[in-house]
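The sequence and structure come first.

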Amino acid sequence: MDVDQHMSRVPDYTAFPTVDQMHAELDELAAAHPDLVRLRRIGTSRLGEPLRVATIGSGPHDAVIIGGPHPNEPIGSLTVSSLLRQLVEDTSLREDFGYRWHLIPCVDPDGARLNEGWYVRPGDRRAYAEHFYRPAEADQVEWTFPLTGEDYFFDRTLPETEALMRLMDEVKPAFVYSLHNGELQGAFYYLNKDEPALAARLAAIATAQGLPLHMGPPEVPSAAPIGPAAYRTPRGTELGAIYGIGGGSVDYADRFDALHLVTELPYWADPRVADGTPTGQGYGEAIQANLAAQRALIAELAQSMAAVRADLTVRSPFRVALQDFLDTHDDFISEWESFPGTDRPATVAEVVGNRQLVHSMRLRYGGTYLRMLDAELGTGNRTPAIRAERARFGTRFDDWFTEAEADATATPIPIRVLVAVQLGAALLAAESAKRKS
């Protein structure tokens, strides 16, 4: 398939849509094309938001496309929008490609609404940090599919996850696509099957769009490479006990022998993340510096939390997410202590990747902590401890932001480019899954 023609048709975007705008677009397309677009509710979020899927296309194969599995990752909402509009407009893509597409623009609308403050300013890193929200690990739609093994058992499945399970049970997909993104890392992919040829094509469409590939440290130590910037997707059985989570959408896709793809794209492009030049720093040394800095972050946040804990009255989502980070993150990063093959010089990509991760964690969870304190102040809970820590930690956050900006050479990536890569990857992977079926 010539995916370039479809990627070139992705329009320019200046912002990510709000949840209300996503719903409005689905309503508009279903009303304008009732003979093509079937819109239906498949579930309800924890706060009562309707979860809806748009179905379009002719079979015999089925694809499930999951937008917004993490609410700080909204590129997929526009990828769903662009793909849905192309399917409406392109008869061949809709009828001859061989798929019924089941497209969900946002599977965690509750969390998405807590990120909307930066959706309208997508290239502004400070806005991103100040309005950032990501749920606690066991409250994430992507990672609460059931696990029923004897060694580890997870059945705290969320209503949003159950809606995805029902949809997959109904359509028995050949292809499942979970749309993700990061921040300043390069582009990379997860596949649940060893398909190096597909992995190479996926990497090629990212580089053709000018995106640096992620050649630094992998997101999780257990991720096994398939090719450049492509990894075999870790399963819940590998991660569940470590992270206190369930299975992923990949685990459920395995039930149908479906091809499962995750596309991870950055918001900002830093060419250093693809630079394989050796440095004078050891790789193990770079990892240990990263771990030490993240543990210092945990300790600093915990100390500030201790100063205000007795005065807290609001069980806000920010407080829940922050406490989860403080309780569990050291266990997560401890996996890196025994990462093999570190007795060598680190590459530029590995040094930069480790440093950028520290900046990211500081800004993410420093911002979350300030949102937690602001939620208290917003209710009139203005105790001396809360006011003092808000002022002190606000200054600390400013220092972290200044340090992160000084260490960055990144520029915002046009949203159109990010959507085009996710859309092109969808078509390449769907074609591969169809051939294997």
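A residue is called buried under 20% relative accessible area, exposed over 50% and partly exposed in between, with a 1.4 Å probe and protein chains only. The model is predicted, so local features need pLDDT of at least 70 and side-chain atom pairs count only at pLDDT 80 or more, while totals for chains, interfaces and linings use all residues. Residues are numbered from 1 along each chain as its sequence is written, and side-chain values use heavy atoms, with hydrogens and water left out.

**Salt bridges**

A salt bridge is a side-chain nitrogen of Lys or Arg within 4 Å of a carboxyl oxygen of Asp or Glu. The structure holds 31 salt bridges. Side chains of opposite charge can pair when their charged atoms come close. Helices (H or I, at least four residues) and strands (E, at least two) are DSSP runs, numbered from the N terminus. The table lists some of the pairs.

| Pair | N to O distance |
|---|---|
| Arg113 and Asp20 | 2.8 Å |
| Arg40 and Glu170 | 2.9 Å |
| Glu73 and Arg134 | 3.0 Å |

The salt bridge between Arg113 and Asp20 has its closest N and O atoms 2.8 Å apart. This pair links distant parts of the chain, with Arg113 in helix α5 (residues 109-113) and Asp20 in helix α2 (residues 19-32), 93 residues apart. Arg113 has 30% relative accessibility and therefore counts as partly exposed; Asp20, at 48%, is also partly exposed.

Arg40 and Glu170 meet through their side chains in a salt bridge. Arg40 belongs to strand β1 (residues 38-44) and Glu170 to helix α8 (residues 159-171), distant parts of the chain 130 residues apart. Arg40 is buried at 17% relative accessible area, whereas Glu170 is partly exposed at 46%.

Glu73 forms a salt bridge with Arg134. Glu73 is in the loop between β3 (61-66) and α3, and Arg134 is in the loop between α7 (125-130) and β5 (147-148), 61 residues away. Glu73 is buried, with a relative accessibility of 3%, and Arg134 is buried at 14%.

**Asp90**

Asp90 lies in the loop between α3 (75-89) and α4 (91-96). Its relative accessibility is 15%, so Asp90 counts as buried. Leaving aside residues up to four places away in sequence, Asp90 touches His6 and Arg9, where contact means heavy atoms within 4.5 Å.

A polar contact is a pair of N or O atoms within 3.5 Å; within protein, one must be able to donate a hydrogen and the other to accept it, and residues adjacent in sequence count only if both atoms are side-chain atoms. The side chains of Asp90 and Arg9 make such a contact at 3.2 Å. The Asp90 side chain also reaches the backbone nitrogen of Leu93 at 3.0 Å.
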